[in-house]
Amino acid sequence: MPSDQQARAQASAITPGGGEPDAGPAPADRVLALFGGHRLSPGQRRIAQYITDHLTEAAFLSITDLADRVGVSQPSVTRFAASVGFSGYPALREALQPIALSAIAGMPDARAEIRRNELQAAVDAEIDNLENLRRLLADTDRMLDLGRELARSVPLTVLGLRISASLAEYFSYAARRIHPDVRTVTRGGSVAYDALLQSREAGGAWVLAFAMPRHANETLAAMRAARTAGLKVALITDLPLGPLADEADEVLVTATGSRLVFDSYAAPGVLSAALLQAMADADPQRTQTRLESYEHAAEQHDFFLDD
């Protein structure tokens, strides 16, 4: 049986001109997009998981029936609907029902009726991811608060293993221009444990972790090691639910592009840049001083071609 990535390689093979009509995001992905980017309590996560796992049934349940199925109170369901941005449970159910019907009938989204080639479809999916991220960033206070916490953590450790190492390296490279001590961890096991312990002993308070699919067990182990050492964990991931989110003190959720053989990271990249901005805003004087020092060094040593 081919792996998921092998199947994606076959499905996304580039063909000249137009392709078959694209089916759009899977119903489960569309449901997760509704819930992503919101801080949920453990009980609310159970509600989200039940709806995702039983979409075609849950979308038509009354509030009483849904509460009974999940094992929570009716007010808990109402609070959950409000937490994910709806005026109440009826509004949430109204948003879920077309998704459930498309899953039942196998019908694509209206937008997918437009014939697109595979590369255009991948870009369209990323545009959807960025639209969801835009809604997440409406809560500027949350971003500013987290940016302030990361800016105050000296040293600041940035964790990204396997495929997530590229995002961790990007964030660390930029953060070093505005933060005095940024430490990057891109190897797991005892190497990660030692680095995390040293960061805590040096006075660090936070770890920023990136966890993108496929999610590595060693990322979870490193996050647990960080918490054991006394560090808080901020997580950027595509999963609003599950063991990785459970181990984090702050979770920022944004989707990856998954229509091609390898994932793309437009939304996580923009989210990273937004968090860097929040760190810069947390201490404008330090930011200005460090950027001026960097630019002076760049001019002195001719770092760049375009100066």
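Buried means under 20% relative accessible area. I'm jotting that down before anything else, since I'll need it below. Also for the record: the model I'm looking at is predicted.

**Entry 1: the count.** I searched the whole structure for salt bridges and got 11. I picked a few to look up.

**Entry 2: Arg227 and Glu247.** These two form a salt bridge, with their closest N and O atoms 3.5 Å apart. Arg227 sits in helix 12 (residues 217–228), while Glu247 is in the loop between helix 13 (243–246) and strand 5 (250–253), so this pair ties together parts that are 20 residues apart in sequence.

I then checked what else joins in here. Arg227 and Glu247 belong to a network of salt bridges that also links Arg224 and Asp249.

**Entry 3: Asp145 and Arg148.** Here the side chains meet in a salt bridge at 2.9 Å, N to O. Where do they lie? Both are in helix 9 (residues 140–152), and because they are three residues apart there, about one helical turn separates them. I looked up accessibility too: Asp145 is partly exposed at 42%, and Arg148 is partly exposed at 30%.

**Entry 4: Asp283 and Arg286.** My last pair is another salt bridge, at 4.0 Å from N to O. Asp283 has 28% relative accessibility, which makes it partly exposed. Arg286 has 21%, and I noted it as partly exposed as well.

Terms used
Residues numbered from 1 in each chain as written. Predicted model: local features only at pLDDT ≥ 70, side-chain atom pairs only at ≥ 80, totals over all residues. Heavy atoms only, no water. Helix = DSSP H or I, 4+ residues; strand = E, 2+ residues; numbered from the N terminus. Buried < 20%, exposed > 50% of the residue type's maximum accessible area, 1.4 Å probe, protein only.
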